[in-house]
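Please read the points below with the model open beside them.

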Amino acid sequence: MRTFIADHPLINHKMTALRDERTDSPTFRRLADELVTLLAYEATRDIAVTPVTIQTPVAAAQGVHLSAPTPVVIPILRAGLGMLEGMTRLMPTAEVGFLGMVRNEETLQPTTYADRIPGDLKGRQVFLLDPMLATGGSLVAAIDLMRERGASKITAVCLLAAPEGIKLLTDRFDGTDLDLTVVCANLDERLNENGYIVPGLGDAGDRLFGVV
Ligand code: PRP
Ligand code: URA
């Protein structure tokens with residue numbers, strides 16, 4: 001597994017505002033959107049392209065187009081929805097699937113409540129969007145599902161990760177044939193006794209969309 005932690009001054013500036021408990025939902029949504037667009041640059045670094053020749057007003061030029069089949073972008077609901085627009089703005093031709101998962105607040109185990117994902121992901125590059133990689137249970141379950149559908153190249157884009165979540169993904173998928181990359185804005189210190197990232201930003205879904 002490749003892990004990329006951005007730790008870029010502009011990204012850290014926006015993450016600081018995102019983490020701040022005084023930041024309201026409209027601002028939180030705007031910041032999440034801007035952060036994903038910045039992270040998308042790294043997340044798409046090795047996206048498949050096909051050489052093409054085009055004509056500029058001056059001369060013929062060699063360029064590239066995104067290769068077929070188109071990538072699939074999958075936000076993990078709810079909080080991943082706050083990252084969708086920022087990603088598809090850069091890749092408007094990408095297909096979008098939806099995966100609904102919720103973590104039980106006591107057991108910290110995820111359950112899946114919605115699955116609108118293409119049945120066949122063979123040969124498709126998959127971008128999973130979820131702002132929070134905490135225990136890693138949700139992302140492992142999501143990746144297992146993608147692999148069952150034939151995906152072999154997956155990039156997870158997160159805003160915050162805990163070392164515990166990175167370790168779980170490494171333990172589960174290193175040594176398998178999965179080509180997995182995790183792109184994150186910041187890596188935090190640890191999880192607390194309730195499975196929340198410390199210092200973190202609290203409950204990402206609640207901060208984006210309100211308390212359920
Ligand atoms: C949050 C978050 C991740 C998950 C991370 O979702 O968006 O999906 O928790 O935790 P884990 O790494 O320990 O599995 P939550 O279950 O709170 O649902 P929500 O997005 O609907 O708020
Ligand atoms: N889910 C969140 O929304 N926040 C955390 O800190 C951990 C899981």
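1. A nitrogen atom of ligand 2 lies 2.8 Å from a polar backbone atom of Gly-202, a polar contact in the sense of a pair of N or O atoms within 3.5 Å. Two further contacts of ligand 2 involve oxygen: one runs to a polar backbone atom of Ile-197 at 2.8 Å, and another to a polar backbone atom of Ala-204 at 2.9 Å. The protein covers 88% of the 240 Å² of accessible area that ligand 2 has on its own, where areas come from the Shrake-Rupley method with a 1.4 Å probe.

2. This is a predicted model, in which local features need pLDDT of at least 70 and side-chain atom pairs count only at pLDDT 80 or more, whereas totals for chains, interfaces and linings use all residues. Residues are numbered from 1 along each chain as its sequence is written, chains are lettered from A and ligands numbered from 1 in the order in which they are written, and side-chain values use heavy atoms, with hydrogens and water left out.

3. Ligand 2 is surrounded by Arg-103, Met-132, Ala-134, Gly-195, Tyr-196, Ile-197, Gly-202, Asp-203 and Ala-204, a residue being counted if one of its heavy atoms lies within 4 Å. By class, this shell around ligand 2 holds 5 nonpolar, 2 polar and 2 charged residues, with Ala, Val, Leu, Ile, Met, Phe, Trp, Tyr, Cys and Pro taken as nonpolar, Asp, Glu, Lys and Arg as charged, and the others, Gly among them, as polar.

4. Which residues are closest to ligand 1? Of the 16 residues that surround ligand 1, the closest are Arg-103, Asp-130, Thr-135, Gly-136 and Ser-138. Oxygen atoms of ligand 1 are approached by a polar side-chain atom of Thr-135 at 2.6 Å, by a backbone N or O atom of Gly-136 at 2.8 Å, and by a backbone N or O atom of Ala-134 at 2.9 Å. Taken alone, ligand 1 exposes 500 Å², of which the protein buries 93%.

5. The elements that give two or more residues to the shell around ligand 1 are β6 (98-103), β9 (132-133) and α4 (137-148); β6 supplies the largest share, 3 residues. Helices (H or I, at least four residues) and strands (E, at least two) are DSSP runs, numbered from the N terminus. By class, the shell around ligand 1 has 7 nonpolar, 5 polar and 4 charged residues.

6. Side chains of opposite charge can pair when their charged atoms come close. A search of the whole structure finds 15 salt bridges, each a side-chain nitrogen of Lys or Arg within 4 Å of a carboxyl oxygen of Asp or Glu. In one of them, Arg-19 pairs with Asp-188, the closest N and O atoms being 2.7 Å apart. The pair links distant parts of the chain, 169 residues apart, with Arg-19 in helix α1 (residues 9-19) and Asp-188 in the loop between β11 (179-187) and β12 (190-191).

7. Some backbone details deserve a check by eye. A cis peptide bond joins Ala-68 and Pro-69, with omega about -5 degrees, and Pro-69 lies in the loop between β3 (60-66) and β4 (72-77). A cis peptide bond also joins Leu-77 and Arg-78, with omega about -10 degrees; Arg-78 lies in the loop between β4 and α3 (84-88).

Methods:
Polar contact = N/O pair within 3.5 Å; in protein donor to acceptor, adjacent residues only side chain to side chain.
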